[in-house]
Number of protein chains: 8
Amino acid sequence: DFAKIDHQRQWRTGFPEVIWSQGKTPSQIIKIMNAMRSHGSPLIMTTRLEPEIADLIALEVPNLRYYPMAKIGAIGQLEQKYQGKISILTAGTADLSVAQEAAITAELCGFEVERLWDVGVAGIHRLLSNRHIIDNADVLIVVAGMEGALPSVVAGMANGPVIAVPTSIGYGTSFGGVAPLLTMLNSCATGIGVVNIDNGFGAAMLAGQILRLANRLKS
Amino acid sequence: DFAKIDHQRQWRTGFPEVIWSQGKTPSQIIKIMNAMRSHGSPLIMTTRLEPEIADLIALEVPNLRYYPMAKIGAIGQLEQKYQGKISILTAGTADLSVAQEAAITAELCGFEVERLWDVGVAGIHRLLSNRHIIDNADVLIVVAGMEGALPSVVAGMANGPVIAVPTSIGYGTSFGGVAPLLTMLNSCATGIGVVNIDNGFGAAMLAGQILRLANRLKS
Amino acid sequence: DFAKIDHQRQWRTGFPEVIWSQGKTPSQIIKIMNAMRSHGSPLIMTTRLEPEIADLIALEVPNLRYYPMAKIGAIGQLEQKYQGKISILTAGTADLSVAQEAAITAELCGFEVERLWDVGVAGIHRLLSNRHIIDNADVLIVVAGMEGALPSVVAGMANGPVIAVPTSIGYGTSFGGVAPLLTMLNSCATGIGVVNIDNGFGAAMLAGQILRLANRLKS
Amino acid sequence: DFAKIDHQRQWRTGFPEVIWSQGKTPSQIIKIMNAMRSHGSPLIMTTRLEPEIADLIALEVPNLRYYPMAKIGAIGQLEQKYQGKISILTAGTADLSVAQEAAITAELCGFEVERLWDVGVAGIHRLLSNRHIIDNADVLIVVAGMEGALPSVVAGMANGPVIAVPTSIGYGTSFGGVAPLLTMLNSCATGIGVVNIDNGFGAAMLAGQILRLANRLKS
Amino acid sequence: DFAKIDHQRQWRTGFPEVIWSQGKTPSQIIKIMNAMRSHGSPLIMTTRLEPEIADLIALEVPNLRYYPMAKIGAIGQLEQKYQGKISILTAGTADLSVAQEAAITAELCGFEVERLWDVGVAGIHRLLSNRHIIDNADVLIVVAGMEGALPSVVAGMANGPVIAVPTSIGYGTSFGGVAPLLTMLNSCATGIGVVNIDNGFGAAMLAGQILRLANRLKS
Amino acid sequence: DFAKIDHQRQWRTGFPEVIWSQGKTPSQIIKIMNAMRSHGSPLIMTTRLEPEIADLIALEVPNLRYYPMAKIGAIGQLEQKYQGKISILTAGTADLSVAQEAAITAELCGFEVERLWDVGVAGIHRLLSNRHIIDNADVLIVVAGMEGALPSVVAGMANGPVIAVPTSIGYGTSFGGVAPLLTMLNSCATGIGVVNIDNGFGAAMLAGQILRLANRLKS
Amino acid sequence: DFAKIDHQRQWRTGFPEVIWSQGKTPSQIIKIMNAMRSHGSPLIMTTRLEPEIADLIALEVPNLRYYPMAKIGAIGQLEQKYQGKISILTAGTADLSVAQEAAITAELCGFEVERLWDVGVAGIHRLLSNRHIIDNADVLIVVAGMEGALPSVVAGMANGPVIAVPTSIGYGTSFGGVAPLLTMLNSCATGIGVVNIDNGFGAAMLAGQILRLANRLKS
Amino acid sequence: DFAKIDHQRQWRTGFPEVIWSQGKTPSQIIKIMNAMRSHGSPLIMTTRLEPEIADLIALEVPNLRYYPMAKIGAIGQLEQKYQGKISILTAGTADLSVAQEAAITAELCGFEVERLWDVGVAGIHRLLSNRHIIDNADVLIVVAGMEGALPSVVAGMANGPVIAVPTSIGYGTSFGGVAPLLTMLNSCATGIGVVNIDNGFGAAMLAGQILRLANRLKS
Ligand SMILES: Nc1ncnc2c1ncn2[C@@H]1O[C@H](COP(=O)(O)O)[C@@H](O)[C@H]1O
Ligand SMILES: Nc1ncnc2c1ncn2[C@@H]1O[C@H](COP(=O)(O)O)[C@@H](O)[C@H]1O
Ligand SMILES: Nc1ncnc2c1ncn2[C@@H]1O[C@H](COP(=O)(O)O)[C@@H](O)[C@H]1O
Ligand SMILES: Nc1ncnc2c1ncn2[C@@H]1O[C@H](COP(=O)(O)O)[C@@H](O)[C@H]1O
Ligand SMILES: [Mg+2]
Ligand SMILES: [Mg+2]
Ligand SMILES: [Mg+2]
Ligand SMILES: [Mg+2]
Ligand SMILES: [Mg+2]
Ligand SMILES: [Mg+2]
Ligand SMILES: [Mg+2]
Ligand SMILES: [Mg+2]
């Protein structure tokens, strides 16, 4: 009763409901997972799952896989395959956790993922020498903290949609990710959609919707 | 010299550079338009153009069309046609100006646009009775001021990407659009990308990139 | 001397003073409880009481009941019964703690409570399929974190006052509950009164005053 | 098409849709008023209507009454009468415009209104010498700018629900009404619901819902 | 060398330098205390001293007295006596720690202090029944968290200067004391000077300067 | 009825009620002035009075004096004389308007005022060469915009209370006076009380209360 | 008396005091200019001078030159010449006004200036094709509004100090220049010093100090 | 692959890439250090390294020196020597950690450093009696928390560039360093460049670029 699982979500929007672990007790998470399993959900996935909670849950939920950098727990996998891929870039090494949340989510939902880490604008040659990755991208997810300038530069070079993810990496006036968020919202490059701070999951869902649309229009 | 027009932008990103009128003198706008015309640009377009400035410019720039609600000035039109359409919704009547900026931009760039105005959540039946529009949408642009809740509800019903545009419509704690912006960034529905407050233009550019990708993948 | 207990509050406003545990030492809480007991208070209640403090207090204060999800400690119960009920809704599972603070407070003060959890707008069918609860409600308390859109939708459907409670559930740009607070204050639906972030207690007090007024006018 | 008038609102929530004039052209307002008239709406009302726009509209819409201090335009009146009254207090003289928006709205909707102006806490004897008004109140609307302390004091004395309306009256750190808003949200008195800054209309709607509930429960 | 103790401060401003413990290592605090002792300072005082640090320091610094509620450590006492007294009020019990920082500071500097705790505006009779304290006060320090309305009411009744101290007591939109700070800065009562959030020490210093001036003018 | 003039204020707090012109209509101001005149008030004073409103009022209210830099209108003068003086400093030339609001208020209330303009910290020798003014001051009012550092330096030199007034002079990150306000609240010098941004009037009222107390204690 | 001109500033810091026109009356500006002229100041300069005020002043102050884009008025010129030059870049055309304030200030103080306009990161090739300008720069001033990413990219390429100037160009979440300010403060490139929003003058002063130091160390 | 070390940075900008420890795992830091060592980097340096992480890393990375107050880990030293020195001042003792981050960084990069601690403006004589240090300075780094007024005063006295570093030292309205940051950005003294809150490292890098330029211009 504490949860009304949205079993129709996959039918309605293409992806099943995903359990947000924050603010839920382990026992609530377990009950929701079991309810989804009984319902025959092909993918049961939970985000922002701390390792010690994952261990507790694994005791009661068989076949739980845990991705520590992404802090994702999962059972199963969506089988549907799509044309096109999702290319994920980070500005720095410290942004990896958010980028991996996006990457693992996308892979669990059946998408091909390409990764390019640590190509922030302070050494622009790192990005320029990977220009082919941008040129060949379908959907781009660009993850950056601190000043968050990477999506602007990438969107100015890219021939496709860019999803910008601000991270809480930084200190002082980064204000927990507000600085890169504002940078991304004010970009003078076009073709950028922004998601919440540290929301790698949401970025993957949006990228997935874009590729699903492309595959649907195609057919 | 005051402007380095990005003539390669259409070749690089699919859309030509668009002139942002704010903070430019009429004479600067005219010079940039003339330079683009000499360069053979098929679409010369400027946003946030106040009517009185449009009148001044029209004296010197032949064939300028002016769209008053959208505050767009344009010469020419992109000829390329795309499969798929862009469906644009507003929560209220006062959001029309931003929504029209998105709609006209999209149409000038060659996209088909569907409009649905004033279906905000305070009377949810208005949205539910237009459910077929959401069900048949490809890319959705959802424009809302005040509390900005419409994109959340739409994204929960839609089977495709949603672009959310907060507007500065409201007063008091809407803080010039911050309230709907936060609502959209924190949406518990997925598949939403957010653009800057009142940025109808940017929403159209992102929707365009998504449909261009779909058309490219298709072929 | 560290506290001037407002023993007249029940006589003046219908409800006794309630002890806010935050920022008080256990010994201060115990002394206030004992003073209220000597004064013959039918309900001695304290909010935001952490479990380990509750254990300490229970050693010295007999008959203390503890409600862990609501973090309320109580002795006694108001006996007065009222016509009408308080219907409490949450957008998500993680909002339960705040919702239970409201529910237990209301029940301790003698009101009938109806609960409906996890009907947030991302899956609007969950709300629509519980429409009868809204239709039959007297006073509604709607609790939501993240984007906090639920009160707007509910108030657009409801035929009675709605009390909106923003919660600190969320991350990044939810800013500890500011995002849903702004959503609720800017609602384009009418008939909504807002209380402080996470203030389930205050929502119950307001709902109680509304029903007390109704019962008073009636007679 | 620019507006989907919510003709069911009165049936659903007890009050008809009200036209928010801000951000609408005079011609849009006139068309909505005419549509509502054709639909037989007993009360057609618009808020935040500047006097010069009211004059323009009056040329085309017969029988429009204009309330300059409240900036409300109206045709007709709700006939239903209710037991109980709405008592409206202001802290200062400069808050009158917001208070009158609440008062006129309430009166147009059929409620009895009592007014008490300029009883702010800097001279507490002004409030104390009007204690009988608080003692005899049913629903209280308390309007205050600057530091906005009046609702706290009133709610501590009142035996019924209090609706607090922060105003943008003040300067410097009042931040356009943020200071009194925060005061009202953080009140240590209970039984207070808060509405948006300068939202006299919303306060009246909430007060109306409360009295309607009381009248409904009664019968 | 890490500190240039301002040994002239007492001669210049009437009070010696006081050591702010936050951000200093215990060994730095000890060295500064010893330097002040060698210099013959009659009062060596440190604020914001956590109990465990106080214990460490007491091992090396003889005669250190520790005031746990105020978190002050002190050696010695200023001997000068002044006419007039400092009356300190709090709105709630949870504000005591800040109020005691003010009270102990004032007493160590030679001033007479009167205390009145927990007379917040939610039960205004508590304040009114202590009216004689306000009437007979010289300088008033009023300490309040949450909505911080007490200084406004007191300044409206008092015939002398009021020093307002916002505290970080509260939650949600109290924003760590910003809410009461804004209330105090925007007070429509006059004769109020505001200090930093939780700055009981600064309030006492200002009150002290006021009484010193009065004593100086007198002679 | 729109105003409850606080005729007891002078008896209660030493100074009569002062009319805040902002947000009042000229006719309201005139009526309040006339009511105070009939009541025999020795000083009728209004602040923040724009010159064109002053002209309007002067037509109906005889003997109104207008101080354009201070934007104060006044009739009469308090006759009581006090020992001690109020020394007012500004950091820059642009702060004069606020400083004059303080100076004229103080003089109308019977206090002696000393002025020292444009001694901001960017050229500290300007302050040091006026050291005797600080040394001989009783109460200091220090007015500063931009970074607002002057009160810190002055309070470090002064042997008496300092009232700090932040002004809205500046641009960009001065945020309408927030920058100097924060500077003043966080001062590491002691003995400072802060008032609202641009609140020269409030500073004078506080200075006046301090000197009144000194004169009272004396006798 | 309203101004204490800092005639020693040139001797102390290398540059004379500059008159900030905002918040000063024309007559005050004229008096300060005349005082500086009598004092034999080689350069009398005023910033943020609106054209209509410049016209008024020119009537009374002979030889006043006015630079409309930079909004600077000046008489005279510093004669000293320095080795090295100041290279000024802007991200967009709308940033020109701020950049010209920096350029004219620098030139009036005797520095050589190189200008490069409209090379923002949305078309990075524009910057890359001007790489030689960055490679040959001594001190760089980089001016950018909207997302303000240009200084990060430039500092990553440059072999010398970079002064970053955020501008108020933008809308919505640019918050009057806060977005580019945060970007610049959080830059992951090093060697950047930031000045206030729109402070072209301050950037030139800092660049000037850097080149003066270089010239001093050299000799 | 998690890091693209910018080995060209020293060649491009004069200083090697420095490892920011926050948000990196110890094993990532070790791998980057080893990669830099293999590349022959003369200085391998990491900032914001907590002592317990330093201990872990020292087990695997030989010759790591750890500077606890500055929280810097380093191997090697830049050998190049420069004319001129960097003078570093702090306002208080609690600012030492940030100041030492600047000092150690500068020394590791080959610069001469002069230190002056605890000369904040609350006791201005401390600064004035060290006037020769300011008079003889080349580049100044001024570090201050709380109100952050020191850089304004220093820049008004200094004949060279000033780099201002706000620190998070303070409480309440210092807002983690926002108060001193705003003070520094709004300084009415000129020649100041500001870096992020607590960014001693960035200040040293900027100071280094300034001295490198001076040395380059010289030759
Ligand atoms: N959870 C709560 N949130 C807000 N106010 C509360 C809460 N619990 C109790 N209160 C009120 O806060 C006041 C407690 O103040 P005190 O105990 O004097 O610090 C009481 O008057 C209660 O009415
Ligand atoms: N002054 C007001 N403040 C807040 N909401 C209002 C006000 N006046 C009307 N409304 C509501 O705002 C909505 C108007 O939306 P629309 O006219 O479609 O832009 C209506 O549903 C009204 O209930
Ligand atoms: N609790 C406090 N709040 C604000 N300022 C304080 C406090 N305690 C001491 N001070 C002042 O802060 C300064 C201490 O600075 P320092 O010890 O050099 O970091 C002294 O000049 C005191 O006057
Ligand atoms: N555009 C500007 N931005 C910031 N500071 C300025 C500007 N123009 C002049 N100043 C400085 O501001 C101070 C002027 O203060 P005042 O003229 O006394 O109000 C002078 O010391 C100048 O160095
Ligand atoms: Mg990196
Ligand atoms: Mg509508
Ligand atoms: Mg749920
Ligand atoms: Mg009044
Ligand atoms: Mg209490
Ligand atoms: Mg000046
Ligand atoms: Mg451009
Ligand atoms: Mg110190």
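Which residues in α4(F) meet α9(F), and which residues in α9(F) do they meet? The views below, taken from a predicted model, begin with this contact.

**View 1. The contact between helices α4 and α9 of chain F.** From α4(F), the residues are F:Val98, F:Glu101, F:Ala102, F:Thr105 and F:Ala106. Those they meet in α9(F) are F:Gly200, F:Phe201, F:Ala204 and F:Met205. Sorted by class, this contact has six nonpolar, two polar and one charged residues.

**View 2. The packing angle of α4(F) and α9(F).** Two packed helices are described by the angle between their axes and the distance between the axes. Helix α4 of chain F covers residues 96-108, and helix α9 of chain F covers residues 200-218. They pack at an angle of about 40°, and their axes are 7 Å apart. Because of this angle, α4(F) is oblique to α9(F). Their crossing is right-handed.

**View 3. An open sheet of four strands in chain B.** The strand order is β1-β2-β4-β3, and the pairing is mixed. At the edges are β1 (19-20) and β3 (65-67) of chain B, each of which pairs on one side only. Strand β2 (residues 43-47) and strand β4 (residues 72-76) of chain B run antiparallel and are joined by four bridges. B:Leu43 has B:Gly76 in β4(B) as its bridge partner.

**View 4. Helices α2 and α4 of chain B on the strands.** Helix α2 (residues 26-38) of chain B lies across β1, β2 and β4 of chain B. Its direction is at about 160° to β2(B). Helix α4 (residues 96-108) of chain B packs on the sheet and touches β2, β3 and β4 of chain B. The direction of this helix α4 makes about 10° with that of β4(B).

How values were computed
Residues numbered from 1 in each chain as written. Chains lettered and ligands numbered in written order. Predicted model: local features only at pLDDT ≥ 70, side-chain atom pairs only at ≥ 80, totals over all residues. Heavy atoms only, no water. Axes fitted to C-alpha atoms, helices over the stretch in contact; angles between N-to-C directions. Helix = DSSP H or I, 4+ residues; strand = E, 2+ residues; numbered from the N terminus. Parallel < 35°, antiparallel > 145°, perpendicular 65-115°, else oblique. Left-handed = near helix turned anticlockwise from the far one by under 90°. Contact = heavy atoms within 4.5 Å. Nonpolar A, V, L, I, M, F, W, Y, C, P; charged D, E, K, R; others polar. Pairing = 2+ DSSP bridges.
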